[in-house]
Amino acid sequence: MVVKNHIFAFLVLTACKPQSQGAGTQSGGPAMVVSVSSDGRFALSSHQDNRIVLWDLERREKSLISENANIYSAYFVRGTGLFLWQDLEEVVHIQGVDGKKLDSYPHFATYGHVLSSDLNNYVSSDANWNLFHGRGDAIKPIKQDGRSPSFSGAGKLLNLNVSSGGNLLLSSGWGSQSSDQRSIATDSPIKPEQIFSDFSGVVLWELPSGRPLYKLPGNSAKTTATLRPDGKYVVGGSENGIGFVWRTDTGEEVNRLASLFHGVWTKDTSDDPDKWYDKTGLIPTPADLNSKQTAILALRFIDQQHYLRFLAYSPYAVLYHIDNPLPLKYLFLGRDPLPAVRDYPRNAAMDTAPEAGILVMGQQYGGGIIVYRYDAETQELEKVWVADRAD
C-alpha cells in the first residue's frame, strides 16, 4: 500500500490522495516529519500533501524535492549531507544536499526509516510496526511479532533512532507494563503468528544483528524516546506524563522525570499523598500551563547534556539536564505561528541538531517550519526563522 495522506479521527485511519500543491505554494499541507542535518545547516520535511522540501537554514531558502512522496519518509543521515525519502511508487531515494542522487531502490511503503552514517544499516517500519533491516534480497525482520499496537491503532509512528556509530537502534511506540517488564529471554521479537507485540515500547537493539538488547520499561500508552548523540543514554516518555533516563550499556534506569506539578516521586506507598512526591528544587510552571498538558509528545537532545521535552497541546519545551530529573527551564516556543504540538500523528514533525544547537519544528497550521537557535550559556531558545508562514 502506498503511504499517502492520512487523517486521524478517533484513531481510525482513512487514506486519500490529496490535490497536488504547486512548487510556488507558500503554505501547503502540514509537515508530518522533519529531519535536521547534524551540522544544523539543512532540514528536510515530508508533508501531508505529499511534498518533500529541503530547507537551507543558513540561506533561508527552500527547494522542492518532490510532490509525489511518502509523507513519513523525510530523513537526514546523521553526520552526512545525505537524506532519504520515498516516492509513491515505493522507491527509496538517497541523495545529497547538492542535488546529486546517490542511490535508489524499491521497498515496501515505509512508516519511518533510518540509515546509519556508514550507509550499511537501513532499518524501516511498516504500518504494523514490524521492523526490517536491509533492502532487496538482504532484507531481514528485526521485529515481527504482531499487528497490535500499530500505526493505525496507536495513531503515531513507531519512532526510530540510530546511534552515530550505527551500532544501536532505538524504537518506541506504545508502552505496556506487562510486556515491557518481561525479560527479553522469554520473548522473541519474531513471532508472526502473534496478534499483540511484546516489543512495542522503548526497545534498544543491536545493529547489524537486529538482536534486542534491552526493553526499557515504565511508560504506558503512546510512547516516544530518543538517543543522546554519543549513544550513551536513552530518554523516553509517554502521554501519561511519565519519563525516564536509562544507560544504553546496561539498560539501567538513571532517573525518573519529576512531575511538573508535584516533584520527584518518592516511591512512598503510604496512604498519605503528601509523602508521594518531593517538591524540593521544583521550579514553578508557566501560568498558562495546566495539569492536563503534561503528556509527553516528543523528546529531543539540544546538546550533549541537555534535552527538550515537548508537551502535547502546549507551546513550551521543557529543558532538562541528563543527570537531573527536575526541569531546569520552560522555553516558550510561541503561538504566532503555533508549532506542531497538537497531534501524536505528527510527533516526528520536530528535530534537533544537538551539535549546532538548532531546533526545527513544523507549524501546526500550514506547510511552513519554525527554526530556533539554542544558546547554551543563557539556556534560551531564539526563534530565528519562520518559513512559509500560514496567514
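In this predicted model, L84 stands opposite I94 in β9, where strands, like helices, are DSSP runs numbered from the N terminus (a strand being E over at least two residues, a helix H or I over at least four). The model is predicted, so to speak of local features a pLDDT of at least 70 is needed and side-chain atom pairs count only at pLDDT 80 or more, while totals for chains, interfaces and linings use all residues. Residues are numbered from 1 along each chain as its sequence is written, and side-chain values use heavy atoms, with hydrogens and water left out.

Strand β8 (residues 82–86) runs antiparallel to β9 and is joined to it by five bridges, two strands being counted as paired if DSSP finds at least two bridges between them. The hairpin of β8 and β9 has four residues between the strands, and there E90 takes a positive phi near 70 degrees. Strand β10 (residues 101–106) is likewise antiparallel to β9, with five bridges between them, and within β10 the residue K101 is the bridge partner of Q95. This hairpin, too, has four residues between its strands, with G99 in the turn at a positive phi of about 95 degrees.

Another part of the model is an open sheet of five strands in the order β17-β20-β21-β22-β23, with antiparallel pairing. Because β17 (174–175) and β23 (253–256) each have a single partner strand, they stand at the edges, and one side of each is left without a neighbour in the sheet. Inside this order, β20 and β21 (residues 233–238) pair in the antiparallel sense over five bridges, and T224 stands opposite G237 in β21.

Strand β20 (221–227) also supplies at least two residues to the lining of the largest pocket, as do β3 (31–36), β11 (113–115), β15 (159–162), β26 (296–301) and β30 (350–353). A pocket is here an open set of points on a 1 Å grid over the protein atoms alone, where a 1.4 Å probe fits, with protein on both sides within 12 Å along at least five of seven lines; lining residues have an atom within 4 Å of a point. The largest pocket holds about 680 Å³ of space, and of its 40 lining residues Y75, R78, L160, N161 and D351 are the closest to its centre. By class, 20 of the lining residues are nonpolar, 15 polar and five charged.

The rings of Y72 and F151 are edge-to-face, because their centres are 5.2 Å apart and their planes stand at 70 degrees. Since Y72 lies in the loop between β6 (61–66) and β7 (75–76) and F151 in helix α1 (residues 151–154), the pair ties together parts that are 79 residues apart in sequence. Both Y72 and F151 are buried. Y307 and Y320 instead form a stacked pair, 5.2 Å centre to centre with 5 degrees between the planes.

Conventions. Grid points are joined across faces, edges and corners, and a volume is the space filled by probe spheres set on the points. Ala, Val, Leu, Ile, Met, Phe, Trp, Tyr, Cys and Pro count as nonpolar, Asp, Glu, Lys and Arg as charged, and the others, Gly among them, as polar. Rings of Phe, Tyr and Trp (its six-membered ring) pair if their centres lie within 6.5 Å; planes under 30 degrees apart count as stacked, over 60 as edge-to-face and the rest as tilted. Buried means under 20% relative accessible area, exposed over 50%, partly exposed in between (1.4 Å probe, protein chains only).
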